[in-house]
Amino acid sequence: APDEPGDKVKAMSATGFKSEEEPILLRSKPARLDYGTDAGEGDPGAGGRPSPSGGFLNLLRERVRVWKKSRHPPAPPPRAIHFNDPDENRAQRFCSNRISTSKYSPLSFFPRFLFDQFSRYANLFFLGVIILQQIPGVSPTGQFTTAVPLLLVLLATAVKEIIEDLRRYRADNKENGRRVWVYREGQLSEHVWTQVVVGDIVKVTNKAFIPADLLLLTSSEPQGICYIETSNLDGETNLKIRQPCSVIPQDEQGKGGGQSYGDHDN
């Protein structure tokens, strides 16, 4: 140890001591806790051996970590939407703008209807009774005692389902047949909603329905803001304010350019 007090303080500072009473221990890496050895057997130099239970616990921890990681896979990169560039957007295979709320189709009506009806325990119970009644000597009642009422119930339910599905089909056609102005090839043209694709620049007039999920570029209001009503989505009739996004540059042909990044659909 140095003789002079000043030399003592310098020596302590060089070794990492905070003060004369409180030394600071410096490590190049944190200490490792050995969970895989038994008590008294953790020192390999002293003849210790790894514990079998510790190896199993380490393996179990690794499996749990891999399982948790597989439950939360990394999010995919955001998708790029190119404005007025159908070739680039077509390569990403976006879904169409057609909506369909109908439940059945001409080919899937009978299989799906029968599956839905006999998924109910009551109809399944009566179906089992009908099968037993068809075996001679098993049931004292007639063969059609339960079959006729069940068939009448199924027939009435089928008629009701057909009427309701036709109403949904007509409402879908009315919604898909609405028209909107779309900016393509340097000019505005009118198209039905089903012809609107991802990346199109559309013009929505005052008090008109919005054909799809849109990004607001500008409007005739001051600062380009607009007011929308979402009563057909959430029932709220109060107007909501929407602000425009960044300005989209124009290329030499007057065709709207630019791109936007967004999350993937659900």
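Phe56, Leu57, Leu60, Val64 and Trp67 together form a nonpolar surface patch of about 490 Å². Such a patch takes in residues with over 30% relative accessible area and no salt bridge, with nonpolar side chains joined within 5 Å and like charges within 9 Å; a salt bridge is a side-chain nitrogen of Lys or Arg within 4 Å of a carboxyl oxygen of Asp or Glu. Areas were computed by the Shrake-Rupley method with a 1.4 Å probe. The model is a predicted one, in which local features need pLDDT of at least 70 and side-chain atom pairs pLDDT 80 or more, while totals for chains, interfaces and linings use all residues. Residues are numbered from 1 along each chain, and side-chain values use heavy atoms, without hydrogens or water.

Phe56 lies in helix H2, residues 52-71, and counts as exposed because its relative accessibility is 53% (exposed, over 50%; buried, under 20%; partly exposed, in between).

Seven helices and seven strands make up the secondary structure of the protein chain, assigned as DSSP runs (H or I, at least four residues; E, at least two). Their order from the N terminus is α-α-β-α-α-α-α-β-β-β-β-α-β-β.

Of the 266 residues, 19% are buried. The chain exposes about 21200 Å², with 58% supplied by carbon and sulfur atoms. The largest nonpolar core has five residues: Val180, Val182, Trp193, Val196 and Val202. A core joins buried Ala, Val, Leu, Ile, Met, Phe, Trp, Tyr and Cys residues through side-chain atoms within 4.5 Å. Beyond four places in sequence, Val180 touches several residues, including Trp193, Val196, Val202 and Pro211 (contact, heavy atoms within 4.5 Å).

Key
Buried < 20%, exposed > 50% of the residue type's maximum accessible area, 1.4 Å probe, protein only.
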